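This report concerns the side-chain contacts of one protein model.

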Amino acid sequence: MWVLLRSGYPLRILLPLRGEWMGRRGLPRNLAPGPPRRRYRKETLQALDMPVLPVTVTEIRQYLRGHGIPFQDGHSCLRALSPFAESSQLKGQTGVTTSFSLFIDKTTGRFLCMTSLAEGSWEDFQASVEGRGDGAREGFLLSKAPEFEDSEEVRRIWNRAIPLWELPDQEEVQLADTMFGLTRVTDDTLKRFSVRYLRPARSLVFPWFSPGGSGLRGLKLLEAKCQGDGVSYEETTIPRPSAYHNLFGLPLISRRDAEVVLTSRELDSLALNQSTGLPTLTLPRGTTCLPPALLPYLEQFRRIVFWLGDDLRSWEAAKLFARKLNPKRCFLVRPGDQQPRPLEALNGGFNLSRILRTALPAWHKSIVSFRQLREEVLGELSNVEQAAGLRWSRFPDLNRILKGHRKGELTVFTGPTGSGKTTFISEYALDLCSQGVNTLWGSFEISNVRLARVMLTQFAEGRLEDQLDKYDHWADRFEDLPLYFMTFHGQQSIRTVIDTMQHAVYVYDICHVIIDNLQFMMGHEQLSTDRIAAQDYIIGVFRKFATDNNCHVTLVIHPRKEDDDKELQTASIFGSAKVSGL
């Protein structure tokens, strides 16, 4: 058994539960003629190596000044004259330099040159500027014609797809319009966004073009399925989600555009652009993540409106993404009955321009009035189930006790050695991760390979040792989960761990961090000879991190030794008043 302590809840004894597991579906095998060609490179686990914060914005500025590279301060990036572009590329028809085309992320130092499409890490940039290493100037950094392993499959699917209005059977056109909610979306809008239809899979096909529309880099397929009286949608991306960085609609953006609306679905972008005429972009992974690699493409906008959906999860994601993009230029459309998601608003006859005018600013001063919070309070009262958090699919008793998994909270697990804490938490976290909760694992006691083996077995619901022929199938599906691992093992400094967590929240939009376990940070801290005071300090740091970053932290703590016939009590948790008071 396990003992669970959580903010606002009394001490609980939780028993392991069994439940039904629902996995994610891979790419449909009927999309390409002949045997499927999936040649994925088998890489190491998605791990966060240290140091994760190699540079500060002050150091970036000093380096640029020291090498005579002019730059400007942007919202989330520094903009500079690019050393990767030819002088003729940087000048317009008048011969005058038009703009700074190099974008350097203020947080990570990663750069992107919009003119030459050179990109890389801060170390790559330094090596190129100083003329050392293989990445100098015209080396591997340039990506004008990127080749990826799925390019042949992308081209084959794209060539088989046809415009929806060219379907020979009018009844099939009407059925597709009804299934995808396109009854009020015009053919001109579909043509402008280059949307096609794949008949064998009954899926809409959304393209990913290179900047400037010079080449096809990937696809997203949206399949509609009848489910009872409604319709459910299933997405498949090529390349895989972790490498799919498409801002759908980007080729239609003009350099003069100062305002953009960000949506979580391509269908919503179609509806918004048609109804309002405003530039619209779709985030590649919806409300799950906003990859920092996309931030340079959003630098030109003075006003960014998030209209991601009609639930609290979309609202929370919009506030999280606004922090990356500078909240002072971001506005949020509040979910509500009179403000549904854009496609539903178009089909329902709502005035989308009027809804956009009601968007709330994402930034406000430290002190707010109830008037500013009033709509959020109403949203929580109107959506009690959503406000209670994301419910586990495999643990109904956990839902009954805790209601759901919420951001900004700290959960503490404890139990005797060998009781199965790590095994349970891996399944508990895997349940949430499969529902789209971006998860970071910090396993200091067992190796990442062993942990991943346990989680993969739980995910496959079977012993893969006895069916190795199915390993690639389950490994491909497992790899698509938003799951990351810290590379630490053994004792670590709390500051190093927090820096890694902070980096993961920024880069991967992590919503759930698991630390297994606290004791591996105790011996590294020279704060006090009083171990209770040291533990209280560490707990306080994790609690503050959860609050400041709106991220749930699950922490494992070993209890003190008790007799086998004695149940664990509050005082068993290593003697910490702060932990037992949660």
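The following paragraphs treat the nonpolar cores, the aromatic rings and the charged side chains in turn.

The model is predicted. Its largest nonpolar core contains 33 residues, and those that touch the most other members are Phe180, Val195, Leu204, Leu267, Leu270 and Trp307. Among the elements that give two or more residues to this core are helix 4 (170-180), strand 10 (203-209) and helix 6 (266-276). Residues come both from domain 2 (144-243) and from domain 3 (246-386), so the core lies between these domains. Leu267 illustrates the contacts: leaving aside residues up to four places away in sequence, Leu267 touches Phe180, Leu182, Leu204, Phe206, Leu222 and Leu343. Another core, of 31 residues, lies apart from the largest one, and its members include Ala429, Cys433, Trp441 and Leu456.

**Aromatic rings**

A pair of aromatic rings is described by the distance of the centres and the angle of the planes. The model has 21 aromatic pairs. One of them joins Phe459 and Trp474 edge-to-face, with 5.8 Å from centre to centre and 90 degrees between the planes. Phe459 belongs to helix 14 (residues 448-460) and Trp474 to helix 15 (residues 471-479), so the pair ties together parts that are 15 residues apart in sequence. Phe459 and Trp474 are both buried. Elsewhere, one aromatic cluster is formed by Tyr63, Phe84, Phe111, Trp122 and Phe125.

Rings also meet charged groups. The charged end of Arg303 sits over the ring of Phe331, 4.0 Å from the ring centre, and that of Lys324 sits over the ring of Tyr506, 5.4 Å from the ring centre.

**Salt bridges**

Side chains of opposite charge can pair when their charged atoms come close. The whole structure holds 21 salt bridges. The table lists examples.

| Salt bridge | N to O distance |
|---|---|
| Lys225 and Glu234 | 3.5 Å |
| Glu299 and Arg329 | 3.9 Å |
| Asp509 and Lys324 | 3.1 Å |

Asp509 lies in the loop between helix 16 (494-508) and strand 21 (512-516), and Lys324 in helix 7, so their pair ties together parts that are 185 residues apart in sequence. Both Asp509 and Lys324 are buried. Glu299 and Arg329 are buried as well. What is the relative accessible area of Lys225? The value is 32%, and Lys225 is therefore partly exposed. Glu234 is also partly exposed, at 22%. Finally, a network of salt bridges links Arg240, Asp476, Glu479 and Asp480.

Conventions: Residues numbered from 1 in each chain as written. Predicted model: local features only at pLDDT ≥ 70, side-chain atom pairs only at ≥ 80, totals over all residues. Heavy atoms only, no water. Phe/Tyr/Trp six-rings, centres within 6.5 Å; stacked < 30°, edge-to-face > 60°. Helix = DSSP H or I, 4+ residues; strand = E, 2+ residues; numbered from the N terminus. Buried < 20%, exposed > 50% of the residue type's maximum accessible area, 1.4 Å probe, protein only. Lys NZ or Arg CZ within 6 Å of the ring centre and 35° of its normal. Core = buried A, V, L, I, M, F, W, Y, C linked by side-chain atoms within 4.5 Å. Domains from an automatic or database assignment. Contact = heavy atoms within 4.5 Å. Salt bridge = Lys/Arg side-chain N within 4 Å of Asp/Glu carboxyl O.
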